[in-house]
Every structure is written in C-alpha cells, then in structure tokens.
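Dear colleague,

I am passing on a structure for you to look over, and my notes on it follow below. Please read them alongside the coordinates.

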Amino acid sequence: MANVPNQSTLAFFEVLGIFLGLSGCLLLKVTHVQNGPYMDEIFHIGQVTKYCKGLFEEWDPKITTLPGLYLLSSSLMQSLSWFFGYRVADLCTVFWLRGINVILATGNFCLLFALLRKLHGGNKGLSSTWYLLNTATLATFPVLYFCTFLYYTDTGSTFFTLAMYLMHLHGNSKMAAGVGIAAILFRQTNIIWVIFVAGLTVEKVINDYIQPEKKEITQEDIQNPKYIGIILLRIKNDLQNNRTGITQLIMNLIKAVWMYIIVGLGFTTFVIINNGIVVGDRNNHEACLHFPQIFYFCCVVVGFSIPHFLNAQTILGFLKFVLKHPFVTILGSGLCFLGVHFFTYEHKFLLADNRHYTFYIWARIFRRHWLIPYMLIPGYVFAIWTVSSFLKCKGILWKLVFLVCLVTATVPQKLLEFRYFIIPYLIFRLNMKPSSSFQTFLEFLLYFVVNALTLYMFLQKPFSWPNTDGVQRFMW
C-alpha cells in the first residue's frame with residue numbers, strides 16, 4: 001500500500017500553497033498598478049537587463065551590492081528561454097523579474113519551517129499547528145514581505161542566509177560556507193552572518209572541549225555568564241598541565257571552521273581590491289559609529305513581537321530586574337544616554353524622502369523636540385532587557401556571537417533603514433523561547449494589518465512631488 005502523507009505534511013503544503021497563491025495575486029496587483037520600475041528597481045532592472053543581453057562588463061555605479069541577484073535572474077531567464085523557446089528579452093520584464101522574488105519568498109517559507117523544526121524539535125510540547133503558525137507569521141514579516149513584490153535584493157539575501165544557517169544546524173559546514181558565498185553575492189554585509197555561523201561552530205567545539213562526556217556541565221551552566229570563566233580556567237589548566245588538550249582544541253577548531261576561514265580570506269581580498277565593502281555610490285554609504293541603531297533594532301523587535309512581550313509577566317520581570325539590579329540599570333541608562341547624545345546620526349536621505357515610514361518616525365517623533373530622543377531612553381532599556389530575556393534559553397557564547405554580529409551589522413549604518421534589521425530580527429525570532437500559539441496568532445494578525453496598510457498605501461494612495469514627473473508611492 002502506498003504511503004499516505006500525514007495530516008501535518010498535508011497542512012504544510014496547504015498553507016504553503018495559500019502563501020504562494022496570495023503572493024502571486026498580490027504580485028499581479030502590484031505590477032498592474034506599478035508596471036514600470038520603481039525606486040531602486042530602476043537601477044536593479046536596468047542592470048539585469050544588461051546581463052540578459054550578455055553585457056556583463058557594464059555596471060551602474062549607483063548600485064551598491066554585488067551582482068548575485070542579476071546573475072541568478074539572468075541565468076534563470078536564459079534557462080527558461082532555452083526550455084520554452086522565448087527570447088530572453090521577452091522574459092526580462094518587470095513582472096517576471098519580480099516573480100523571482102515570489103519564488104524566493106516561497107523558499108523562505110520552507111526554510112523558516114525547517115529552521116523552526118530543527119531549533120525547537122526537541123520541545124515535545126509544540127504541535128504541528130505551532131510550527132505552521134510561526135512559519136506563516138515569520139514568512140509575512142512586513143519589512144521582508146513587502147520586498148517580495150519589488151525587484152529588490154532583500155528576499156534573495158534572506159533566502160541564502162537562512163539556507164546557510166540551516167546547513168550549519170545540520171552540521172554541514174562545507175555546504176553552509178558555499179551557500180554563504182551566494183549570500184554575500186546578494187549583499188556584502190552577509191559576511192557578518194557567515195561569521196555568525198562560524199562563531200556558532202566554534203561554540204560547539206568549545207562546548208565539546210569543556211564537557212567531553214556531556215555530563216560535567218549542564219544546560220543551565222552554559223547559559224550562565226560564569227561559563228566563560230569555566231572555559232578560561234580549563235584553558236589555563238591545560239596550558240599548565242596538559243598541552244595535548246590545547247593542541248587538540250586548536251586542531252578541532254581549524255578542522256571545524258577552515259571553510260569559513262577561506263570565505264573570510266576571499267572576502268578580505270575583495271575588500272582590499274575594491275578599496276572598501278560598498279561597490280558603488282560610496283558617498284552616500286559611509287560607515288560610522290551609529291550606536292543607537294542597537295536601540296532602534298530592539299524597539300523594532302519589541303514592536304513587531306509585542307503580543308509575546310506585552311504581558312504582566314514580562315513587565316513585572318523588568319520591574320523586578322530594575323529593583324534587584326539598580327546599578328546595572330543606571331549604568332545601562334547612562335550608556336544609552338551617551339549613545340544618543342554623541343552617536344546619533346541623521347542621514348541626508350532620511351528627511352529628503354517622504355515615501356518611507358522612517359521619514360515620519362524621525363520627523364514627527366525624534367525631531368518634535370530636542371528632549372524626545374533622551375525621553376525614549378527608558379523605552380530603549382526596556383527593549384534591550386526584553387530582547388535579552390527572551391534569549392535566556394540560549395548559551396552565553398551563542399548570545400555573545402549574536403551580539404557581536406548584530407553590532408557589526410547595524411552600528412556602521414548611518415541611515416535608519418528597517419530593511420537592515422530583517423536578518424537579525426529573523427534569527428532572534430527563530431531562536432526566541434517558544435510562546436503560545438495564541439500569542440503567535442496575535443502576532444500574525446499584527447503582521448497582516450501592517451502588510452495590508454502598507455500595500456494599500458502603495459497601491460491606492462499615490463501622490464506627486466512638486467516639479468517632479470510621475471507618481472510617488474509609500475513603502476517601507
């Protein structure tokens with residue numbers, strides 16, 4: 001008798017089909033209303049059109065990312081042209097190019113489901129409904145989902161980064177490193193997430209070194225900051241008494257991360273030859289120490305995941321922390337004050353373009369009064385504590401690796417841009433301690449409302465700029 005798919009498998013494909021069908025319908029609607037390239041699509045579609053014509057030596061200096069999206073798109077269009085007999089030029093249109101992101105978004109749905117299964121599969125209390133609901137929610141994360149309907153790099157960048165993370169979790173470091181190269185070709189800053197999975201690989205090697213029999217150290221010990229002291233003490237003792245153990249540790253580390261080292265060396269070579277990370281438009285993409293980006297990220301996390309955080313347990317937990325650790329709270333508030341006062345930057349694009357959420361946030365909140373950025377500090381402290389508390393289930397080394405990568409990915413960015421938060425947000429949300437399905441359902445409803453509002457504004461509320469041809473549309 002043939003194997004019959006179980007109900008959870010059928011439910012997965014049903015939800016996946018709904019996601020793909022809805023995304024396809026929205027793509028048709030977006031392209032019907034905005035049938036020409038819009039915003040950064042002007043540069044991306046112009047560049048991929050050259051690739052479709054075989055003009056690989058021509059490059060638009062306004063483009064800041066590597067050509068991963070254009071290479072994938074032109075290769076796919078060439079394959080479809082050969083298979084169906086169409087001309088490549090007939091396929092390299094706005095609609096079909098945007099359609100590639102719908103395919104990648106569907107791939108993101110599958111990757112998110114697989115990642116949730118891998119990360120939380122040991123929790124027997126989680127039902128198949130929980131996994132599907134969390135997958136559907138994360139796959140429609142508003143900042144990412146909106147990019148599905150435009151020919152932007154975000155969907156592909158997320159796809160290959162999530163695929164790299166999944167390969168790492170399955171212990172296939174070689175494949176993870178290879179997929180990491182593809183992620184970098186979509187966006188150079190994804191080298192940070194290659195370093196992230198490399199750091200997690202190092203964490204595993206160190207954990208095996210500290211507890212070879214899996215009995216000496218408990219999971220609670222690994223989550224405790226004192227675990228770092230245990231590691232340093234073990235290394236000190238081995239340096240004094242057992243050089244063989246240190247040698248074996250070094251060999252195991254090299255064996256585990258050599259492929260990531262090769263990727264890192266290749267990226268370093270590119271940076272040296274290119275004289276920087278950015279490919280083009282360098283004047284508008286200069287690095288700086290924009291420490292409040294960490295505060296903004298934590299606020300975005302709390303804002304989009306508020307059904308998980310806005311409850312009496314979380315608020316009381318924060319108040320207990322403040323009362324129990326007043327010095328830490330004052331110190332953290334002081335560091336936030338220094339960050340706001342000395343390291344707040346206002347990119348010239350921020351208030352020059354009223355088509356984005358960030359314009360209104362900055363103009364109508366931050367700029368309303370000079371005291372407001374300082375008045376937000378208690379909110380920053382709460383958001384930082386909340387994000388940290390919901391990662392308590394992770395080991396201290398994991399949290400350190402994530403923190404270093406988060407700072408590296410966000411702080412150098414002068415422009416406040418929600419799209420920079422997509423990958424760290426998804427990594428946080430995937431690893432967050434599980435909440436109830438009801439809370440996730442409320443989160444899904446929140447995403448639905450935000451997506452509906454944003455798409456409605458984009459599609460139905462165009463506006464004009466003085467002395468400028470064409471219509472403008474509101475978007476992330």
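A residue is called buried when its relative accessible area is under 20%, exposed when it is over 50%, and partly exposed in between, with a 1.4 Å probe and protein chains only. The model is a predicted one, in which local features need pLDDT of at least 70 and side-chain atom pairs count only at pLDDT 80 or more, whereas totals for chains, interfaces and linings use all residues. Residues are numbered from 1 along each chain as its sequence is written, and side-chain values use heavy atoms, with hydrogens and water left out. Helices (H or I, at least four residues) and strands (E, at least two) are DSSP runs, numbered from the N terminus.

Two loop residues have a positive phi without being glycine. N275, in the loop between α13 (243-274) and α14 (292-304), has a phi near 60°, and because its relative accessibility is 63%, N275 counts as exposed. M39, in the loop between α1 (7-33) and α2 (41-52), has a phi near 55°, but at 16% relative accessibility M39 counts as buried. For context, most residues other than glycine have a negative phi.

Just after α8, G171 takes a positive phi of about 80°.

Helices α21 (residues 396-410) and α22 (residues 422-431) pack at an angle of about 160° with their axes 11 Å apart, where axes are lines fitted to C-alpha atoms, for helices over the stretch in contact, and angles run from 0 to 180 degrees between N-to-C directions. That angle makes α21 roughly antiparallel to α22, a term for angles over 145 degrees. The contact (heavy atoms within 4.5 Å) is made by W398, F402 and L406 of α21 together with P424, I427, F428 and N431 of α22.

Finally, which residues surround H308, leaving aside those up to four places away in sequence? H308, which is found in helix α15 (residues 306-309), touches T314, F390, R429, M432, S435, Q439, T440 and E443, and with a relative accessible area of 1% H308 is buried.

Best regards

Technical notes
Angles under 35 degrees count as roughly parallel, over 145 as roughly antiparallel, 65 to 115 as roughly perpendicular and the rest as oblique.
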